[in-house]
Amino acid sequence: SMSAAAVEAKGRILGGAGMVDTLADALAHYRRTWPGEIAKIAEFQALLDEPTERTGLAFTRARLDGHFTASAWLVSADRQRVLLTHHRKLDRWLQLGGHADGDIQLARVALREAEEESGLTGLEGESQIFDLDRHWIPERAEEPGHWHFDVRYVVRATASEAYVVSAESHALAWRDIGGIAADADADPSLQRMARRWLERWRSE
């Protein structure tokens, strides 16, 4: 449904006067930060630059062969743990996130998905991109296989860490980020984010 775009996140996006950068600006900033990922960034930029993007099609599921999604690297107040969800369909522990459903402000989408999937309040989202990952979603009965162009943002828990499990997940769990970084069996993009977070945290 397109109505999700009208749903405001309860938490707040850090930085700026409430205005989040456009995805084009955020990608340019990410390119300066992670020049080694230029090829991957170009894939995201190409989707954003399609002629149909005047209509925001790539921010909806209507673009069947691929579309933008948003994820939250939801870290605890002590910065040492991340909240993961166990996805029934994929049978894996992954970060929280979901479809933009027409909302072109992906930092807001990530924050809203984190709130909805965790039940946590008092969350704070960052406006700059933390990680990018393009991954294939296999065909299911009602939809063809397609690409998710997933844009990940850091979201911080500032108050209670008592989450509420949603209908979309088997379970939620706070996981030690150092453990994920060292786990050879972890999802590769999850491990990349864990290592990236540890590097950043140690340098702050």
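Predicted model: local features only at pLDDT ≥ 70, side-chain atom pairs only at ≥ 80, totals over all residues.

Residues are numbered from 1 along each chain as its sequence is written, and side-chain values use heavy atoms, with hydrogens and water left out.

Let me start with the fold. The protein chain has five helices and eight strands; helices (H or I, at least four residues) and strands (E, at least two) are DSSP runs, numbered from the N terminus. Along the sequence their order is β-α-α-β-β-β-α-β-β-β-β-α-α. The chain has 204 residues, of which 49% count as buried. Here buried means under 20% relative accessible area, exposed over 50%, and partly exposed in between, with a 1.4 Å probe and protein chains only. Among contacts with a separation of 6 or more, 69% join residues 24 or more positions apart, a contact being heavy atoms within 4.5 Å.

I turn to the interior. A nonpolar core is a set of buried Ala, Val, Leu, Ile, Met, Phe, Trp, Tyr and Cys residues joined through side-chain atoms within 4.5 Å. The largest one holds 35 residues, and those touching the most other members are Leu23, Phe68, Leu74, Leu106, Ile129 and Val151. Two or more residues each come from α1 (23–33), α2 (38–48), β2 (66–75), α3 (106–118), β7 (146–157) and β8 (169–176). The element that gives the most is α3, with six residues. Apart from this core lies another, of 15 residues, including Trp73, Val154, Ala186 and Leu198.

Which residues does Phe68 contact, leaving aside its neighbours within four places in sequence? They are Leu23, Phe44, Leu47, Leu48, Ala58, Phe59, Ala100, Leu106, Phe149 and Val151.

Next, the helix α3. Of its 13 residues, 11 are buried. Besides Leu106, Val109 and Leu111, the buried residues include the charged side chains Arg112, Glu113, Glu115 and Glu117. The expected span of a helix is 1.5 Å times one less than its number of residues. For α3 that gives 18 Å, which agrees with its end C-alpha atoms, 18 Å apart. After α3 comes Gly119, with a positive phi near 75°.

Now the largest pocket. Its volume is about 1,100 Å³. The search uses a 1 Å grid over the protein atoms alone: a cavity is a set of points where a 1.4 Å probe fits but cannot get out, whereas a pocket is an open set with protein on both sides within 12 Å along at least five of seven lines, and lining residues have an atom within 4 Å of a point. Grid points are joined across faces, edges and corners, and the volume is the space filled by probe spheres set on the points. The lining has 37 residues, of which His87, Leu90, His99, Ile137 and His148 are the closest to the centre. At least two lining residues each are supplied by β2, β4 (92–99), α3, β6 (131–137) and β7, and β4 gives the most, with seven. By class, the lining has 10 nonpolar, 12 polar and 15 charged residues. Ala, Val, Leu, Ile, Met, Phe, Trp, Tyr, Cys and Pro count as nonpolar, Asp, Glu, Lys and Arg as charged, and the others, Gly among them, as polar.

Finally, some single residues. Most residues other than glycine have a negative phi. Arg79, in the loop between β2 and β3 (81–87), has a positive phi of about 70° and is partly exposed, at 25% relative accessibility. Asp101, in the loop between β4 and α3, has a positive phi of about 50° and is buried, at 12%.

Ala173, in strand β8, is buried at 15% relative accessibility. With residues up to four places away set aside, Ala173 touches Val82, Leu83, Leu84, Trp93 and Tyr163. By contrast, Ala162, in the loop between β7 and β8, is exposed at 55%. Ala162 and Leu120 are 42 residues apart in sequence, with their C-alpha atoms 6.9 Å apart in space.
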